[in-house]
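Subject: Handing over a structure

Hi,

Here is the structure I promised to pass on to you. Please have a look at it first, and then read on for what turned up.

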Amino acid sequence: MDPSRQWQQPDQSGNYPPQQPYGQPQQPYGQPQPPPQQYPPQYPVQPPQPPQPPYPQYQQPQQPQAAQPYSAVPYASQQYSAPPAYQQPPAYQTSGPPMPGGAGSGRRSRFFPALIISSVLLVVVVVAIVVVSLNRKPDGPVTPQAGASQTGPIDKCLVGKWKQTSYQKVVDLTGTDTAKRGNLTTVKMTGGGKIWEIKEDGNAIEDDTNTSYSGKTDDGRTVTATWAGRTEWKMTTKDGVISYAGGEATTVVTISVDGTEAGKIQLEPNLDPANYTCNGDIWRTSSKDNPDDFSRYDRQK
């Protein structure tokens, strides 16, 4: 049997169909042959398809990364930079007044009228204090300063009653009988007690009823001068200097040494001018020849 016909079946008459050349596709028996194939092959033209809507592309879910620093560059094709540090967002501030009904608006609306009322009351109190201070009368008479408003023979600051509270002077006893008996020379004495009453016309009275001075000799003995009596003066002032005009004097000074009376001295009025200052309730006098000799007087109410 022909090997090429081993898979062919004979027809009803027992004949085999004619054999196709080798390498050619076999067509069913009794059917027309297809036209020969053209080159290049012709393909059927497909009709144009309407545009299709884009479909979402599937993205592979990212796996969560562990919260740890990178140990290597994640991608070699780009430079790695560390993620920015977290910063606290700034507090929200409003640029204008709070809206009605907002947070805190009720509390502010309650305190604002109270603040206005407090400010007004404070202003009223300050104004009242100023008015009272301006209209307040002094508790005592206003004493003029030394020479500030002198219109008469005497400085008005000196007018009044004064008490001697401090005294210092180097007293020269040389030439008196008391000094000879007590072997005394000069003694630096301190003390007080003298009273002055000065009037606006310059008439003044010096009262020595309670005047007492004391000091030490060079050899350490205590010398005491106790005054008694009074002297009437006519005083004038000019340019900070007091001038005395003599009056009637009845002053006697008793000198004692270590408690033992050494004698008495009848004093004559001293007409030497003296420098002075008067400042309200304090009157001071000092010697023109020796500034260390001074007296202080305080005004008596």
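Searching the whole structure turns up one disulfide (a pair of cysteine sulfur atoms within 2.5 Å). Its partners are Cys157 and Cys278, with sulfur atoms 1.9 Å apart. The torsion about their S-S bond is about -75°, so this disulfide is left-handed. The pair links distant parts of the chain, 121 residues apart: Cys157 sits in the loop between α1 (105-135) and β1 (160-172), and Cys278 in strand β11 (residues 274-279). Helices (H or I, at least four residues) and strands (E, at least two) are DSSP runs, numbered from the N terminus.

Before going further, a word on the model: it is predicted, so local features need pLDDT of at least 70 and side-chain atom pairs count only at pLDDT 80 or more, while totals for chains, interfaces and linings use all residues. Residues are numbered from 1 along each chain as its sequence is written, and side-chain values use heavy atoms, with hydrogens and water left out.

Are the two cysteines buried or exposed? Cys157 is buried at 0% relative accessibility, and Cys278 is buried at 4% (buried means under 20% relative accessible area, exposed over 50%, partly exposed in between, with a 1.4 Å probe and protein chains only).

Next, the largest pocket. Its volume is about 1,200 Å³ (the space filled by probe spheres set on the grid points, which are joined across faces, edges and corners). Of its 43 lining residues, Tyr167, Lys169, Glu206, Trp227 and Asn270 are the closest to the centre. A pocket here is an open set of points on a 1 Å grid over the protein atoms alone, where a 1.4 Å probe fits, with protein on both sides within 12 Å along at least five of seven lines; lining residues have an atom within 4 Å of a point. Strand β1 gives the most to this lining, with seven residues.

Glu206 is buried, with a relative accessible area of 10%. Its side chain makes polar contacts with the side chains of Lys194 (2.7 Å) and Trp233 (2.8 Å). A polar contact is a pair of N or O atoms within 3.5 Å; within protein, one must be able to donate a hydrogen and the other to accept it, and residues adjacent in sequence count only if both atoms are side-chain atoms.

Happy browsing!
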